[in-house]
Structure formats: C-alpha cells, structure tokens
Amino acid sequence: MAGENLDAFKNTASGNKEIDASKKVKVGIIGTGWIAGAHIQQYLQMPDVEIIAGADLIPGKAEAFFKENGVTGARCYPDHVSMLDAEPELDAVSICTYNKTHAECAIYALKKGVNVLLEKPMCVTTEEALEIMKAEKESGKIISIGFQPRLDPNMQKIKAIVDSGVLGKIYYIQTGGGRRHGIPTPFGTTFIQEDTGVIGAMGDIGCYSLDMVLNAIGYPKPLTVTGYTSNFFGKDPHYFEMDGKPAEYADLFGVEDFAAGFVRLEGGIILDFRIAWAMHLDTPGDTIIMGSKASLRIPSTECWNGELDKPMVIYTEVAGSQLETVVPKIFVDPNDPTQSCFYKKVRSFLDAVKEGGKAPVPTSQILYNQAIIDGIVKSAKIGKEIAIELPEV
Ligand SMILES: NC(=O)c1ccc[n+]([C@@H]2O[C@H](COP(=O)([O-])OP(=O)(O)OC[C@H]3O[C@@H](n4cnc5c(N)ncnc54)[C@H](O)[C@@H]3O)[C@@H](O)[C@H]2O)c1
C-alpha cells in the first residue's frame, strides 16, 4: 500500500487491519522484566513505532522500565487486562511475561483485536496452545512467537541445506544440549518456580533447539513421545550457594533442569532430544541431522542468539570416498543493530502487522514444538510413551 493515501486502517481478506504505512504502529508491552528490555530497545530504533503503554503485575515496575529506557508518555497499568481495556488504539503488543501467563495475555489481546508478538515458549501446555490458536482464528489478527534465531542467517542456512535436498531422505535427528552450570536466576526466581515458569530448561532453551531442527525439516507433526524429566541440580541448595544465591532457591525450584524425549515424527523421522540447565558434562552432543545421502552436524549451540561456535559440517560419500564439507559461517556484523536477530524478530512482526501479512513464526508450527514439550512432561509423569493427538482448530 506504499504511496497510496488510504484510511488509517483497511480490512483485508484475513480480517486483519492493514495499517497505513505512513502511520505509527501503536505498541504496548505486557510484562516489563528482563526480555522486555530487548523488545523496547528494538522498538526504539524504529521511527514508525510509538510505545503508548505498558503493564506489569509488580507495582511501579512498568514506570521504572520506561524511565530506564528513556520513554516518556507511555501509560502504565497493573496487568494486561486493565491495559488492553483502557487502550483501544493499540495495534500490537509484545507479551514478555513469564511462561505461566503467556496464554491468558495472548488470548485476551487477540480478543481485543490486537496483534501479538508473544515470547517463547508459546505457552506451557498443548491445550493452551490450541486455545491461543482458536483466539487467533476468531480475531483474524497476527500472532508471532518470539523465536529470534529463525531470523539469523546461520540458522537459516540449516533450512537451506535441508531444502537443497543434499541430505536426501532425513530419518534421524539428535538435538538439544544445554549448560553445565546455568540455571537462570539473574533477576529472581520466575524461571525456576512452578507457579511462574511451569516448565524449566525445555521452555527456556530446549524449545529453541526443537525449533531449529523442526523448522529446517518443515515442521512435521509429532506422533508419539517418550519423555523423561529430572531436577537433581535445582533441588540441591549447594548449587545455589555456589552461585552466591540463597540456598532457599532449592525449595522454590519447581520445574525440570533436565529433560529428554524420544519423538516419532510424521514421515518416518525420529527425533532424539535432550536439554540441560545443569549437568556433569560439557555437552550431551551436537545437533545432527542424518539423511540417506548425507548428514549435517551442527556444533552444540544454545541457539537463542543464532551463534555457532564452530562451523557446520556435511558428511557424505562421493565415488567411494568419505568426504566432509565445512559450511562457512556467515558473518553477522555486531556493530549493525539491524543485523541482530532480535531486531529482525520485532521488525518482521511489525512488517506483517503493517502489511496485513502472515506471522513470521506462526502458531501452526509452534503448536508442534509445544506438543513435544508437553508430551515429554506428560510421558515422564506416567512413565510410558504417549500418543500426541491434536484436534483441528
Ligand atoms: N527470546 C529470548 O531471547 C528470551 C530471553 C529471555 C526470556 N525470554 C522469555 O521471556 C519471558 C519472560 O522472561 P523474563 O526473563 O523477562 O521474565 P521476568 O520474570 O524478568 O519478567 C516477566 C514479567 O512479567 C510480569 N507479568 C507476568 N504476568 C503478567 C500479566 N498478566 N500482566 C502484566 N505483567 C505480567 C511479571 O510481573 C514480571 O515482571 C519468558 O517466557 C522467557 O522464556 C525470551
């Protein structure tokens, strides 16, 4: 619609409001904690954005957040409901709350006709994911899930390699990884408490590994899951004392610090996944995508910022010789903020909102990511394999 002088909003076939390119997108931020800082820093670089409101459950936190980030004039609210009720002009919200409230905030925003950039993980259960998708469908709005590595050129190379067909038929994937000592408590305990985080290492970092490989292979549907979860480190007071944190964090710890899953995917593909916040090991292994013609090794990575410590390698056989091809790493200029995957995550969402386009990271894919995590939780509880059944939304 560039160059046309249209009304501020126009209805598109999808029912979404297309926003006049000359008009600023009015944005609100729900949850003004750690990751909200990364969102606001991107919005502040964008001349077509106006941050008009913010909400946080903790009194004074949203006000302090805007002050810290040099934003004046944004109105502050004590929760997402009061903000969305009082701000009918909002075009979009970033939902940066802890995992537990992702679904309720996203559903309420969509019902209010507001486009949503929802932080990962999408939510905490498959049932919630389906409810979000129902609200999305009814609203005709865009909801994109905050998997910024999708926008990183090295991560995109993984999909490009798979799409090239060089690997042949993919039949086995190993992914995950994690940290030797890295239970996240930098700003408190919202990641480790059951009533805020609900899921631990899987919701924090495991969902990225899953997205990295599932996106590369076209997000086949998960069929069955055998899962395991444990919390040997998080329940140990000594672990937190070593970090100079209160030993009582071990009492508050109510999520998993390690999880593993063996997943059958549609198309005869096996996914072998494990993720740790803490372990007596450097890494449980690289990501590998094995195919009938070649295999790809992706050196152990946390994925979240798209970084690879070492280049990827393709293993194959040509004329009876076993060959290894190193895939050169793509340089991402750290001095150019617009090259950061965090910038691109927000920008691609806003472009979709403005143009009435599709969500860059759609719920239809991330439903499967969530279903695997939820499947691991449920299978671990009952101690046997479960079938994943997903109704049409
Ligand atoms: N994409 C990334 O790189 C990345 C990085 C870190 C965290 N995250 C994700 O972001 C989310 C938040 O993480 P964080 O570290 O910022 O957490 P945090 O605990 O620092 O902040 C969350 C804030 O949300 C507020 N909140 C919760 N429910 C609310 C509601 N209904 N209305 C208003 N405010 C509400 C809380 O009071 C809290 O201040 C998590 O789901 C996490 O997985 C993503």
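Domain bounds here come from an automatic or database domain assignment, and that assignment gives the chain domain 1 (9-149 + 340-367) and domain 2 (153-334 + 370-387). The centres of domain 1 and domain 2, taken over C-alpha atoms, are separated by 26 Å. This is a predicted model, in which local features need pLDDT of at least 70 and side-chain atom pairs count only at pLDDT 80 or more, while totals for chains, interfaces and linings use all residues. Residues are numbered from 1 along each chain as its sequence is written.

**Between the domains**
- Contact, which requires C-beta atoms, placed from the backbone, to lie within 7 Å, links 19 residues of domain 1 with 23 residues of domain 2.
- On the side of domain 1 that touches domain 2, two or more residues each come from helix 5 (126-139) and helix 11 (363-382), and helix 11 gives the most, with three residues. Helices (H or I, at least four residues) and strands (E, at least two) are DSSP runs, numbered from the N terminus.

- Six strands form an open sheet in the order 5-4-3-6-7-8 with parallel pairing, where two strands pair if DSSP finds at least two bridges between them.
- Strand 5 (75-77) and strand 8 (143-145) stand at the edges with a single partner strand each, so one side of each is left without a neighbour in the sheet.
- Strand 7 (residues 115-118) pairs with strand 8 over three bridges in the parallel sense, and Val 116 stands opposite Ile 143 in strand 8.

**Helix 1**
- In helix 1 (residues 34-43), Ala 36, His 39, Ile 40, Gln 42 and Tyr 43 are buried, meaning that 20 or more other C-beta atoms, placed from the backbone, lie within 10 Å of the residue's own.
- The buried residues of helix 1 pack against elements including strand 3 (25-30), strand 4 (49-55) and helix 10 (341-355).

Methods
Buried ≥ 20, exposed ≤ 12 C-beta atoms within 10 Å, placed from the backbone. Contact = placed C-beta atoms within 7 Å.
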